[in-house]
Amino acid sequence: MFEALPARLKSARGWLAGAVVAAGATAWMAVARASNTSVEHAGHLGLVGVSVTLGTAEVAYLVWRNWTHGERRIAVVVTATASLGSLLILGAAIGGVSAQGMGASAVGVALLGMSTAVGLFGVYRATGRSSAATLTGMFMVLGLAYFAAVLWNAVP
C-alpha cells in the first residue's frame with residue numbers, strides 16, 4: 001500500500017514533528033480567533049499565542065533531533081504531550097474564554113513546557129554534551145514555565 005510513497009513521506013520523525021506542528025497551528029488559530037471575540041482576555045490570549053508558537057517550534061525541533069539520535073520513546077512521548085497541550089488550548093479557545101478556559105490554557109502551556117523539558121533531556125542524554133541548542137531549549141522551558149504561571153494568575 002505504501003510502496004508508491006516517496007521515502008520522505010515514510011519518515012516517522014517527519015510525521016511526529018508534523019503532528020506537533022499541526023496541533024500547535026490549529027490551537028494558535030483558535031486562540032487568534034478567540035482574542036478577536038474576547039477583548040477582556042486579549043492580553044492573556046496573546047500570551048497563550050506566543051507560548052503555542054514558541055513551544056510548538058521548539059518541540060518539533062526536539063522531536064526531530066531525538067528521533068535522529070535514536071531516542072524514539074522520548075520523541076513519541078514528547079509528541080503526545082505537546083499535542084495534548086495544544087489540544088487543551090484549542091478546547092479552551094473554541095468555546096469562548098472563561099475561567100475554566102484560562103485554567104485549561106495554563107495547563108496546555110505547562111504541558112508544552114514539560115514536553116520541551118523532556119525533549120531537551122533526550123537530546124542531552126543522546127549527545128552527552130551541552131550546546132547552543134540545549135541552552136536555547138533551557139530558555140524555552142523557563143519562558144514557558146513563566147508564561148504558564150502568568151496565565152494561572154489570570155484564573156479567578
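Modeller: Let us begin with burial: a residue is called buried when its relative accessible area is under 20%, exposed when that area is over 50%, and partly exposed in between. Please keep in mind that this is a predicted model.

Biologist: Is Ala23 buried or exposed by that rule?

Modeller: Ala23 has a relative accessible area of 13%, and therefore it is buried. Ala23 belongs to helix α1. Apart from its neighbours within four places in sequence, Ala23 is in contact with Ser83 and Ser86.

Biologist: Which other residues of α1 are buried?

Modeller: Besides Ala23, the buried residues of α1 are Leu16, Ala17, Val20, Gly24, Ala27, Ala30, Val31 and Ala34. The elements that cover the buried residues of α1 include α2 and α3.

Biologist: What does Val31 touch?

Modeller: Val31, also in helix α1, counts as buried because its relative accessibility is 3%. If residues up to four places away in sequence are not counted, Val31 touches Leu45, Val48, Gly49, Ile89 and Ala93. By contrast, the C-alpha atoms of Val31 and Thr68, 37 residues apart along the chain, are separated by 32 Å.

Biologist: How is the span of a helix to be judged?

Modeller: The expected span is 1.5 Å times one less than the number of residues. For α5, with 23 residues, this gives 33 Å, and the end C-alpha atoms are 33 Å apart, so the two values agree. Helix α1 has 26 residues and reaches 38 Å from its first C-alpha to its last, close to the 38 Å expected. Helix α2, with 27 residues, reaches 39 Å between its first and last C-alpha, close to the expected 39 Å.

Biologist: Which residue takes a positive phi just after α2?

Modeller: That residue is Gly70, whose phi is about 90°.

Biologist: May we turn to the nonpolar core, beginning with the general idea?

Modeller: In soluble globular proteins, nonpolar side chains tend to be buried together. Here the largest nonpolar core has 32 residues, and Val63, Ile89, Val109 and Leu151 touch the most other members. At least two residues of this core come from each of α1 (12-37), α2 (42-68), α3 (72-94), α4 (99-127) and α5 (132-154).

Biologist: Which helix gives the most to this core?

Modeller: Helix α2 does, with eight residues.

Biologist: With which residues is Val63 in contact, leaving aside its neighbours within four places in sequence?

Modeller: Val63 is in contact with Leu16, Ala17, Val20, Ala75, Val78 and Thr79.

Biologist: Which residues of α5 are buried?

Modeller: The buried residues of α5 are Thr134, Gly137, Met140, Val141, Leu144, Phe147, Ala148, Leu151 and Ala154. Their cover includes α2 and α4. Helix α5 also holds Gly143, which counts as partly exposed because its relative accessibility is 23%.

Biologist: Which residues make a nonpolar surface patch?

Modeller: Leu135, Phe139 and Leu142 make such a patch, of about 340 Å². Phe139 is found in helix α5, and it counts as exposed because its relative accessibility is 56%. For another phenylalanine, consider Phe121, in helix α4: its relative accessibility is 47%, so it counts as partly exposed.

Biologist: How many salt bridges does the structure hold?

Modeller: Side chains of opposite charge can pair when their charged atoms come close. The structure holds one salt bridge. It joins the side chains of Glu71 and Arg125, at 2.6 Å from N to O. The pair links distant parts of the chain, 54 residues apart: Glu71 lies in the loop between α2 and α3, and Arg125 in helix α4.

Biologist: Are the two partners buried or partly exposed?

Modeller: Glu71 counts as buried because its relative accessibility is 13%.

Methods. Residues are numbered from 1 along each chain as its sequence is written. This is a predicted model: local features need pLDDT of at least 70, side-chain atom pairs count only at pLDDT 80 or more; totals for chains, interfaces and linings use all residues. Side-chain values use heavy atoms; hydrogens and water are left out. A nonpolar core is a set of buried Ala, Val, Leu, Ile, Met, Phe, Trp, Tyr and Cys residues joined through side-chain atoms within 4.5 Å. Buried means under 20% relative accessible area, exposed over 50%, partly exposed in between (1.4 Å probe, protein chains only). Helices (H or I, at least four residues) and strands (E, at least two) are DSSP runs, numbered from the N terminus. Contact means heavy atoms within 4.5 Å. Patches are made of residues with over 30% relative accessible area and no salt bridge: like charges are joined within 9 Å, nonpolar side chains (Val, Leu, Ile, Met, Phe, Trp, Tyr) within 5 Å. Accessible areas come from the Shrake-Rupley method with a 1.4 Å probe; for residues, only the protein chains shown count as cover. A salt bridge is a side-chain nitrogen of Lys or Arg within 4 Å of a carboxyl oxygen of Asp or Glu.
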